[in-house]
Amino acid sequence: MFTRTSLKKATLAAVIGSTLGMSSLVNAATEIKAAFNQSNQHPQYVALQGVAEKLERKTDGRYKLSIFPNELLGDQRAALELVQMGSVQMAVVANPLVENYDKTFRVIGMPYIYTGPEHQEKVFTSGMLDELFASTSKFGFEVLTAYTAGARSMYTKKGPINTIEDMKGEKIRVMQSDTMIKMLSCMGGTGVAMGQGEVYSAIQQGVLDGAENNEITYADLKQYEVAPYFSSTRHLMVPDLVVMSTDFLSSMPKADRDILVNLVKESTQMEFELWNKQISEAKAIAQSKGAKFNDVDIKPFQDSCKSLQDSLIETPAQKELFKQITELK
Ligand code: GCU
């Protein structure tokens, strides 16, 4: 479903797309348009930019990857639909968006499933997710790799969150999936689902009391300006997924497809490195602009969300994946 803003941006991008399409005809390079919802400083943008450079070189200029940041091709939900339709070839979307198609994906974004970034990196680079990632081709897209998006915490307008009680009545933006709305309820607040691009103004206008995200997005999108209290609940480590149109992938000669798929896979490690470097920088930037960070005793939040965690694992495939992930600690 398109929101009005995402449609406007998608239309604009289609115009840009056709212009670029024309120039790519002249250059005889096939353009791969990638939708990205954050800035061109973000670790995921930088990692994909690395893929773009290598792809052009390794395919002798036959393919050109152009990344459109800042939701220029629509918010993540719109972007995923455009990938399915094949009008955009690639996108980075948060795991909950893909979970809407196949609930097995829930497992890799479950609260507290990773012990930390090292565990998450092991899971993403182990190959254990390959089968799951390929299985979405029946929906018209494939997941090529997972990127880290760190740990998510609450940030609010009026004051710090320390307890479940503090969350009462707080309208907090969440990503567009039912699990995220339920997650917010078990933490004591009310989840309001919307695309990332609308969060800043929704908090500013009082439609929301805050949001939840990692430090990099918080700083990258200057959300500290409207919600200066960042409380480290670290309740989720939700992966971001690089998705690609199945039709487009099938249209590529095998050798070029292998180059692209491998480059994207390999970029995960680089993205983790970039992430780890940027995280303290992001926090320092936010602090220098007046953001206040506080530690939180997360045990009561964990306890309160335990039953949600249990209810998220329903199928044998989910159970098996959960087991494999926890065994890799
Ligand atoms: C993180 C994540 C994005 C996602 C965003 C959101 O920043 O990396 O993929 O879009 O959260 O909350 O929407």
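## A salt bridge

Glu314 and Arg106 form a salt bridge, with 3.4 Å between the closest N and O atoms. The term covers a side-chain nitrogen of Lys or Arg within 4 Å of a carboxyl oxygen of Asp or Glu. The count between domain 1 and domain 2 is two salt bridges.

This is a predicted model: local features need pLDDT of at least 70, side-chain atom pairs count only at pLDDT 80 or more, and totals for chains, interfaces and linings use all residues. Residues are numbered from 1 along each chain as its sequence is written, and side-chain values use heavy atoms, leaving out hydrogens and water.

Domain 1 takes in 4-147 + 240-269; domain 2 takes in 152-237 + 279-327. These bounds come from an automatic or database domain assignment. Over C-alpha atoms, the centres of domain 1 and domain 2 lie 24 Å apart. Domain 1 brings 34 residues to the contact, and domain 2 brings 34 residues. Contact means heavy atoms within 4.5 Å.

About 2900 Å² is buried between domain 1 and domain 2, and carbon and sulfur atoms give 62% of that area. Buried area is the accessible area (1.4 Å probe) that two parts lose on being put together, summed over both. Eleven residue pairs are in polar contact across the interface of domain 1 and domain 2, both residues at pLDDT 80 or more. On the side of domain 1 that touches domain 2, α4 (95-99) and α5 (117-125) each supply at least two residues. The largest share of that side, four residues, comes from α5. A polar contact is a pair of N or O atoms within 3.5 Å; within protein, one must be able to donate a hydrogen and the other to accept it, and residues adjacent in sequence count only if both atoms are side-chain atoms.

## Helix α2

Helix α2 spans residues 43-58, 16 residues in total. Its first and last C-alpha atoms are 23 Å apart, close to the 22 Å expected at 1.5 Å a residue. That expected span is 1.5 Å times one less than the number of residues. Helices (H or I, at least four residues) and strands (E, at least two) are DSSP runs, numbered from the N terminus.

Buried residues of α2 include Pro43, Gln44, Tyr45 and Leu55. Buried means under 20% relative accessible area, exposed over 50%, partly exposed in between (1.4 Å probe, protein chains only). Just after α2, Asp60 has a positive phi of about 50 degrees.

## Two buried loop residues

Thr148 sits in the loop between β4 (141-147) and β5 (152-156). Its relative accessible area is 2%, so Thr148 is buried. Not counting residues up to four places away in sequence, Thr148 touches Gln44, Gln120, Phe124, Glu271, Phe272 and Trp275.

Gly189 lies in the loop between α7 (178-186) and β7 (190-193). Gly189 counts as buried because its relative accessibility is 11%.
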